[in-house]
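User: I would like to learn how to read features of a structure one at a time. Please give the general idea first and then the case at hand.

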Amino acid sequence: MKLTFLGCGDGFSVLQGHNSALIQLDRTNLAIDFPESNHLSLHQLGMKLNDVRNIFITHLHEDHINGLQKLALFHRVYPAAQKPRLFVPTGLVDDLWQCLRHGLELTTRGKRVLEDYFEVVPVETCFEIAGVEFELVKTLHVPGMLSYGLLCKPYFYFSGDTVLDAAYLQSISGSVERIFYECHMQDDVLPSHTSLEEIKSLPADIQKKSVLMHYVDDYLEGKAREKFHSRELPRLAEPLASYHFTKE
Ligand SMILES: [Zn+2]
Ligand SMILES: [Zn+2]
């Protein structure tokens, strides 16, 4: 199994794509979130939009879903053997369609619904693709807003957008190889995201297996990343960088 960052920028990133990862599994794949910037990243990987087989949506902020309309239309014009499967936390299905329907409902061939474009799989607690189980984890992003991360034991935890949930990280860090965690990498503490200072408050063993993502464009230059890596324990995600996971 291989996880490749299609983007690791925050919601305002211009140059490193919005946060999203492509997981390559046995003869299939899964994109975590689908921002518009994925189109370029997939192109750079030699892939087309209709090569995406499965998508999981963590929450409905636009930097995580603003490529879905294009993906849906591309699949209609250039259909793959199967409609892409869209794994959506149960509580988000209706709201997701409300976000997308303005561009997808009315077509020259009549009215369409979400299920015309995707095989929609509402997910309550977990789902499985190619024998790999993904468990939904509620995150602490915006009060009252449903948002999720994905736990894929024994390989990784992918946080999605959240404030730091140290207790949860402590509880799972022994059962995964890597922790992909959001961190905006700025000094100021934001009420809906995780700061570097907070990451640095975690035990060293958790920091060492952490890869930070969803951050500002200030670390694009190799030297800035090197400087960070020379003095801190976590690593920084990079666009198109891959992480390999093998079964024990
Ligand atoms: Zn975001
Ligand atoms: Zn968000």
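Predicted model: local features only at pLDDT ≥ 70, side-chain atom pairs only at ≥ 80, totals over all residues.

User: Which partner does Glu232 meet in a salt bridge, and at what N to O distance?

Analyst: Side chains of opposite charge can pair when their charged atoms come close. The partner of Glu232 is Arg231, at 3.7 Å from N to O. Glu197 is exposed, with a relative accessible area of 52%, whereas Lys200 is partly exposed, at 33%.

User: How many salt bridges are there?

Analyst: The count comes to seven salt bridges. One of them is formed by the side chains of Glu36 and Lys70, at 2.5 Å from N to O. This pair links distant parts of the chain, 34 residues apart: Glu36 is in the loop between strand E3 (28–32) and helix H1 (38–44), and Lys70 is in helix H3 (residues 68–77). Glu36 is partly exposed, with a relative accessible area of 36%. Lys70 also counts as partly exposed, at 33%.

User: Now the metals. Which residues coordinate the zinc ion (ligand 1)?

Analyst: For a metal site, read the donors, then the angles, then the places of the donors in the chain. The zinc ion (ligand 1) is coordinated by Asp63 (OD), His64 (NE2), Asp161 (OD) and His214 (NE2), at 2.1 to 2.4 Å. Along the chain these donors follow the spacing D-H-x96-D-x52-H. His64, in helix H2, and His214, in the loop between strand E14 (210–213) and helix H9 (222–231), link parts of the chain that are 150 residues apart. Both His64 and His214 are buried.

User: Why is the arrangement around the zinc ion (ligand 1) called irregular?

Analyst: Ideal angles at a metal are 109.5 degrees for four tetrahedral donors. The four donor atoms around the zinc ion (ligand 1) subtend angles of 88 to 167 degrees, which makes the arrangement irregular. To count as tetrahedral, four donors need all angles between 85 and 135 degrees.

User: What are the donors and the angles of the zinc ion (ligand 2)?

Analyst: The protein donors are His59 (NE2), His61 (ND1), His141 (NE2) and Asp161 (OD), lying 2.1 to 2.3 Å from the zinc ion (ligand 2). The site is irregular, with angles of 90 to 163 degrees among its four donor atoms. In sequence the donor residues are spaced H-x1-H-x79-H-x19-D. His61 lies in the loop between strand E4 (54–56) and helix H2 (62–65), and His141 in the loop between strand E10 (132–138) and strand E11 (148–152), so the pair ties together parts that are 80 residues apart in sequence. His61 counts as partly exposed, at 28% relative accessibility, while His141 counts as buried, at 3%.

User: How far apart are the zinc ion (ligand 1) and the zinc ion (ligand 2), and which residue coordinates both?

Analyst: The two ions are 3.5 Å apart, and Asp161 coordinates both.

User: Is Phe87 buried or exposed?

Analyst: Phe87 counts as buried, at 2% relative accessibility. This residue is in strand E5 (residues 85–89). Not counting residues up to four places away in sequence, Phe87 touches Asn54, Ile55, Phe56, Ile57, Val121, Val123, Phe127 and Ile129.

User: Which residues form a nonpolar patch on the surface?

Analyst: Val14, Leu15 and Leu220 form such a patch, with about 310 Å² of accessible area together. Val14 is in the loop between strand E1 (2–7) and strand E2 (20–25), and is exposed, with a relative accessible area of 69%.

Note on methods: Residues numbered from 1 in each chain as written. Chains lettered and ligands numbered in written order. Heavy atoms only, no water. Patch = residues over 30% accessible without salt bridge, like charges linked within 9 Å, V, L, I, M, F, W, Y side chains within 5 Å. Areas by Shrake-Rupley, 256 points an atom, 1.4 Å probe, with all protein chains shown as cover. Salt bridge = Lys/Arg side-chain N within 4 Å of Asp/Glu carboxyl O. Helix = DSSP H or I, 4+ residues; strand = E, 2+ residues; numbered from the N terminus. Buried < 20%, exposed > 50% of the residue type's maximum accessible area, 1.4 Å probe, protein only. Donors = N, O, S within 2.8 Å, 3.2 Å for Na, K, Ca; no water. Tetrahedral: all angles 85-135°; square planar, octahedral: opposite > 155°, others 65-115°. Contact = heavy atoms within 4.5 Å.
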